Structure formats: structure tokens, C-alpha cells
Amino acid sequence: MQFTFAHNNFNVRDLDRSLAFYQEALGLSEVRRISPDDGSFIIVYLSDGKSAHQLELTWLRDWDHAYNLGDNEFHLAFHVDDFAAAHHKHEQMGCICFENPAMGIYFISDPDGYWLEVIPSR
């Protein structure tokens, strides 16, 4: 028996805003969408176009307040081939929320406050 990663889910308040953020900040694109006829939720799967792992964004129609992310000690990590250019882009977007120059990494925050780690490709 072997398990492989499929996706991670983040629940979002404003799906369009989140989709725009993930496209601009990380180049993720929509590959699949689930929308029931009653409009109670929308699930969108995003892909980097290279790996099999996907990010699932879930929007719930009746959710009316910010998600409680606790201490936000969880995150997704992304390798990037041009770390300096990525850092500059995220600096311009104003989404860098934490930097650790000694480790050579930084984090960005999405519109709902989820943290995304950016690390140089090895």
C-alpha cells in the first residue's frame, strides 16, 4: 500500500480575490471546479502545471466571518527558481509577512491570512 499527496484545502471568503492572488503571486491556475446547483459552495483546484499536488480552495456561501487560523503554525511551501525576482514581486504586492534571511526563506500571506513559504530551488 502506498499513499501519495493529492491536495491541500484552504477555505476562503472571497473566491475571486483568492484566485487572483494565487495566479499573480504564485502562478497557480484553475484546473477543475465543483459547483452544485444550489450554489451552497464552490471548490476550485489550482495547479502549478508541473507537480501533481494541487491546492483546493473552498468557498462556502453561508460562511459570514473570517476563518480562525489559530496560531497559523501550518503552511504550504513553494520552491522558486528565481528567489530574488520572487521576493521583489512579493515585496511589490505587499504580501510578505515574515522573513528569515539566515535560513534563506520568507513567507507570504494570502487574502485570508494563510501563510505560504517561499524557498529557493536547490
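Select Tyr 45 and Glu 56: Tyr 45 stands opposite Glu 56 in β4. This is a predicted model, where local features need pLDDT of at least 70, side-chain atom pairs count only at pLDDT 80 or more, and totals for chains, interfaces and linings use all residues. Residues are numbered from 1 along each chain as its sequence is written, and side-chain values use heavy atoms, with hydrogens and water left out.

Next, show strand β4, residues 54-60. Strands are DSSP runs of E, at least two residues, and helices are runs of H or I, at least four residues; both are numbered from the N terminus. β3 and β4 run antiparallel, joined by seven bridges. Two strands pair if DSSP finds at least two bridges between them. Go to the hairpin of β3 and β4, with six residues between the strands. There, Gly 49 takes a positive phi near 80°.

Pick Arg 32: its bridge partner in β3 is Tyr 45. In the hairpin of β2 and β3, six residues lie between the strands, and Gly 39 has a positive phi near 70°.

Select β3 itself, residues 41-47. Six of its seven residues are buried, so the strand is largely enclosed by the rest of the structure. Buried means under 20% relative accessible area, exposed over 50%, and partly exposed in between (1.4 Å probe, protein chains only).

Last stop: helix α2, residues 83-93, which holds His 87. His 87 counts as buried because its relative accessibility is 16%. Leaving out residues up to four places away in sequence, His 87 touches Ile 96, Glu 99 and Tyr 106. Contact means heavy atoms within 4.5 Å.
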